[in-house]
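The stops below are meant to be selected in order.

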Amino acid sequence: MPTKIEWCRNLDGTPGHTINPIRFRNKATGKVGHFCEKVSPGCARCYASTMNGGPYLSGLTYIAENRDKGELYFDSAVLEQVPRRRKPTTYFWNDMTDLFGEWVPDEWIDREMATCALTPQHRHIFLTKRAKRMREYASNPNLFQRIHEAVKSSMGYDNPKRPAINPHDLPLPNVILGVSVEDQQRADERIPELLATPAACRMLSVEPLLGPVTLQNHPMFWKSNAQLGWLVTGGESGPGARPCN
């Protein structure tokens, strides 16, 4: 759906889109929403958790104890919207959850990446607080084969003489991989993982900024060939927002 997130705008300035194929059905009520688990101080006032704890989505907030109270599933119908959209669009994936959470099977990540590979006209953004798993996934020597198989099995594309992608397409040029950090501790933990992640463009979201974050002194910026292509920052919003100086 269209989003007001400023850094998710299309290149022509029009609103980009968010997309959430990973769904969560409350076993007790049957209501459908999303699921995640809070992992660090930046998650304390998570808008997605608040929304899911209300009456219109699953009714379950993002705490570990709620994982067994619902059923996670992959909504292919949501995924199929992306190839059907011809206009070049910026997609922010999984803004209501974390794609690299331990509850997400690798096969679901493969399907999302396969969709990105099949839609070079679009720009795709992924953000995570689970930087280690993202780095491990993107560094997997079998990643090309995994994505290629996902293209064939999930998207109905099966032409071995003309594969949808080839090994030289990785990392996918239209995919931006990023991590979120909120303070110096989380920056020091996640930035090295981000810089070690194969990506055409790496993004750092310093939001919500809860304290000073120094980047200039981070040795990984100067001792490796890795590059950071994009940085966004901001504070919390809404009633009770923690201050951002």
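This is a predicted model: local features need pLDDT of at least 70, side-chain atom pairs count only at pLDDT 80 or more; totals for chains, interfaces and linings use all residues.

Residues are numbered from 1 along each chain as its sequence is written, and side-chain values use heavy atoms, with hydrogens and water left out.

**Whole chain**

Start with the C-alpha trace, which spans about 55 × 50 × 35 Å along its principal axes. The radius of gyration, taken over C-alpha atoms, is 18 Å; this agrees with the value near 18 Å for a compact globule of 245 residues, by the rule of 2.2 Å times the number of residues to the power 0.38. Switch to cartoon: the protein has 8 helices and 9 strands. Helices (H or I, at least four residues) and strands (E, at least two) are DSSP runs, numbered from the N terminus.

Of contacts between residues at least 6 apart in sequence, 77% join residues at least 24 apart; contact means heavy atoms within 4.5 Å. Colour by burial next: 48% of the 245 residues are buried, that is, under 20% relative accessible area with a 1.4 Å probe and protein chains only.

**The core**

Now centre on F126, which is buried at 2% relative accessibility. Beyond its neighbours within four places in sequence, F126 is in contact with W93, N94, L99, E112, M113, C116, V175, I176, L177 and G178. W93 is buried too, with a relative accessible area of 0%.

**Aromatic pairs**

There are 8 aromatic pairs, counted when ring centres of Phe, Tyr and Trp (its six-membered ring) lie within 6.5 Å; planes under 30 degrees apart are stacked, over 60 edge-to-face and the rest tilted. W93 and F126 form a stacked pair, because their ring centres are 5.5 Å apart and their planes meet at 15°. This pair links distant parts of the chain, with W93 in strand β5 (residues 90-93) and F126 in strand β6 (residues 123-128), 33 residues apart. Then select F24, F35, Y62 and W103, which form one aromatic cluster.

**Backbone details**

Move to N94, in the loop between β5 and α4. N94 has a positive phi of about 60° although it is not a glycine, and its relative accessible area of 2% makes N94 buried.

Where are the cis peptide bonds to inspect? One joins L170 and P171, with omega about -5°; P171 is in the loop between α6 (143-155) and β7 (175-181). Another runs from E207 to P208, with omega near 0°, and P208 is in the loop between β8 (201-206) and α8 (219-223).

**Helix α5**

Finish on α5 (residues 131-138) and select A131, R133, M134, Y137 and A138, which are buried. Look down the axis: the buried residues of α5 line one face of the helix, because they fall within an arc of 165°, given by the directions from the helix axis to the C-beta atoms.

Key
Buried means under 20% relative accessible area, exposed over 50%, partly exposed in between (1.4 Å probe, protein chains only).
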